[in-house]
Amino acid sequence: MSIVLKNVTYTYMPGTPFEKVALKGINLEISQGEFVGIIGHTGSGKSTLVQHLNGLLKPTAGEVTVEGVSLQGKDAAAKNIRRKVGMVFQYPEHQLFEETVFEDIAFGPRNLGCPEDVVTDRVKRAMEFVKLDFELFSKRSPFHLSGGQMRRVAIAGVIALEPEYLVLDEPSAGLDPRGREEIFSQILQLYQSAGITVILVSHNMEDIARMANRLIVMHQGSVRLDGEPLFIFQNYADVLTECGVAMPQVTRLLTKLKQKGLAVANRAATPEQ
Ligand code: ADP
């Protein structure tokens, strides 16, 4: 069960003076159960890459398959498989449009043709996941909520589609530290308790380092590094700094990752009571 990119190249506005090759021959496999963090300079191709994961952008060359089905196809199988990959864009609250929180989250499942009792059930579960109290919030206008709450409504709308993979492009952009913390603890919970595969784009290395079990570093449209975060921090600090992570941050994160590794190892070594 995985998303596979084979030799994916993507060019914006080909054949015009504005032509820009944003992805260059990307080969990747993202398996179910992973928490993948993607980092890289602005313009390195992160957003373009993740928009290929659910067929929103189609490769100029190469192929993307989800569980063996090509996203290129226009058939029902391809459409179905695209639904398995939920996408939370940057500033997703800009896409809220219904009059109430309930209606906004219900939009996706209704579109899938779910009967109304299933829709209500999915809305309730999605709201529970993003920690918005159903009684308190479902009838309110999404436009009268705080920035963090609006973003949670938007994320709930994607969760209500019950994706197997969840792609988030800078989900904490523009939030205050508390809002960021809330969003990330919910993402972590989705990963840990709902078993959703997470692909997270963030410029914030700290967030990625503490959550992801795989790190992909993009550089000028290519995958420059791909591996376990601690391994990358231990062995490729020089490449990380080339790709925009400041050296003091690399050192600080390395210490944190080692502590995290030690804590995990200690827990594993402690016999069950
Ligand atoms: P990142 O997410 O890492 O900041 P992007 O995937 O947004 O990078 O961009 C990769 C490259 O593609 C950049 O050079 C950017 O200017 C260009 N690009 C992105 N979106 C468009 C677009 N809609 N039209 C033309 N060029 C674009």
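How many nonpolar, polar and charged residues does the shell around the ligand have? The shell has three nonpolar, seven polar and two charged residues. Here Ala, Val, Leu, Ile, Met, Phe, Trp, Tyr, Cys and Pro count as nonpolar, Asp, Glu, Lys and Arg as charged, and the others, Gly among them, as polar.

Before the tour, some ground rules. This is a predicted model: local features need pLDDT of at least 70, side-chain atom pairs count only at pLDDT 80 or more, and totals for chains, interfaces and linings use all residues. Residues are numbered from 1 along each chain as its sequence is written, and side-chain values use heavy atoms, leaving out hydrogens and water.

**Whole chain.** Show the C-alpha atoms. They fill a box of roughly 60 × 55 × 35 Å along the principal axes. Now switch to cartoon. The chain has 11 helices and 10 strands. These are DSSP runs, numbered from the N terminus: helices are H or I with at least four residues, strands E with at least two.

**The shell.** Select the ligand, then the residues around it, including Tyr12, Met13, Lys20, Ala22 and His41. Each has a heavy atom within 4 Å of the ligand. Next, color β2 (20-31) and α1 (46-51), the elements that give two or more residues to this shell. Which element gives the most? It is α1, with three residues.

**Polar contacts.** Look for pairs of N or O atoms within 3.5 Å. Start at Gly43: a backbone N or O atom there lies 2.7 Å from a ligand oxygen. Move to Lys46, where a side-chain N or O atom is 2.8 Å from an oxygen of the ligand. Finish at Thr48. Its side chain has an N or O atom 2.5 Å from a ligand oxygen.

Methods
A polar contact is a pair of N or O atoms within 3.5 Å; within protein, one must be able to donate a hydrogen and the other to accept it, and residues adjacent in sequence count only if both atoms are side-chain atoms.
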